[in-house]
Amino acid sequence: IGLALAQDRDNARFDPNRASPWTFELGGATDNRSKGASKSSGDPYVFGEVQYNAANGFYADAEFETIDSAGSRVETEVEAGWQFSGGGFDFDASVSHKWRVNADPGQDDAAVELQFDVMRDFGAVDTRLRVEHSPDGLGSTEAWTWVETRVRWPIVDRLQGAVMVGRREQDNGPDYTGWSAGVAYA
């Protein structure tokens with residue numbers, strides 16, 4: 001068991017008080033983890049993103065992140081989605097297209113992914129249920145579905161605790177349960 005400090009890159013709701021609808025992010029962490037598994041073989045990684053957030057909840061972004069998979073060292077993504085609220089819940093629905101740059105010959109290096117989040121705050125505690133699906137995943141994985149729950153809570157000023165549990169079921173690959181627990185300092 002090793003310590004992994006990972007950035008949680010949730011889409012930020014558009015803030016009408018912000019001067020620009022554009023956001024830019026560049027960062028890194030000790031391990032690139034997604035859906036409970038490492039995408040960087042446990043090594044540090046870097047990522048970057050440019051995102052447009054419209055006042056009506058529409059957003060679009062382009063991003064990259066370093067990985068270690070099927071010969072590829074970089075994964076790129078374009079995404080479009082819509083964030084909205086109703087009945088005391090926040091929702092985020094998106095579709096993305098991912099490419100693994102310079103993957104080994106014969107590797108399936110592109111995939112479409114659909115994501116739907118339902119979020120709700122309970123006082124200072126925020127919760128999220130996420131469902132993701134791809135009809136044909138990257139590499140040898142075919143159709144897959146990931147269902148995840150997350151809870152975050154404040155510990156002290158600028159320090160937050162979090163726990164996540166998710167389940168991935170996939171064709172042509174092993175099904176598994178992933179989890180994480182940790183703290184983040186802002």
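**Reading the contacts**

Mentor: Start with a network of salt bridges that links K35, K39, E65, E75, K98, R100, E113 and E132. A salt bridge is a side-chain nitrogen of Lys or Arg within 4 Å of a carboxyl oxygen of Asp or Glu. The model is predicted: local features need pLDDT of at least 70, side-chain atom pairs count only at pLDDT 80 or more, and totals for chains, interfaces and linings use all residues. Residues are numbered from 1 along each chain as its sequence is written, and side-chain values use heavy atoms, with hydrogens and water left out.

Trainee: How many salt bridges does the structure hold?

Mentor: The structure holds 14. Take E75 and R100: their side chains meet at 3.4 Å, N to O. E75 lies in strand β6 (residues 72-86) and R100 in strand β7, so this pair ties together parts that are 25 residues apart in sequence. Strands (E, at least two residues) and helices (H or I, at least four) are DSSP runs, numbered from the N terminus.

Trainee: Which residue forms a salt bridge with R150?

Mentor: D126 does, with the closest N and O atoms 3.4 Å apart. R150 lies in strand β10 and D126 in strand β9, so the pair ties together parts that are 24 residues apart in sequence. Both R150 and D126 are buried.

Now look at R167 and E169, whose side chains meet in a salt bridge of 3.6 Å, N to O. R167 is partly exposed at 34%. E169 is partly exposed at 46%.

Trainee: How many aromatic pairs are there?

Mentor: Rings of Phe, Tyr and Trp (its six-membered ring) pair if their centres lie within 6.5 Å; planes under 30 degrees apart count as stacked, over 60 as edge-to-face and the rest as tilted. The count here is seven. One of them is F84 with F91, stacked at 5.1 Å centre to centre, with 20° between the planes. F84 is partly exposed, at 23% relative accessible area, while F91 counts as buried at 17%.

Trainee: How is the pair of F91 and F116 arranged?

Mentor: F91 and F116 are stacked, 6.0 Å centre to centre, with 25° between the planes. F91 lies in strand β7 (residues 89-101) and F116 in strand β8 (residues 110-122), so the pair ties together parts that are 25 residues apart in sequence. F116 is partly exposed at 35%.

Trainee: Which residues do ring pairs link into a cluster?

Mentor: W82, F84, F89, F91 and F116.

Trainee: Which residues gather in a patch of negative charge on the surface?

Mentor: D136, E142, D171 and D175 do. Patch members have over 30% relative accessible area and no salt bridge; like charges are joined within 9 Å, nonpolar side chains (Val, Leu, Ile, Met, Phe, Trp, Tyr) within 5 Å.

Trainee: Where is E142?

Mentor: E142 sits in the loop between β9 (125-134) and β10 (144-156). With a relative accessible area of 42%, E142 is partly exposed.

Terms used. Accessible areas come from the Shrake-Rupley method with a 1.4 Å probe; for residues, only the protein chains shown count as cover. Lys and Arg count as positive and Asp and Glu as negative; His and the chain ends are not counted. The place of a charge is taken as NZ of Lys, CZ of Arg, CG of Asp or CD of Glu. Buried means under 20% relative accessible area, exposed over 50%, partly exposed in between (1.4 Å probe, protein chains only).
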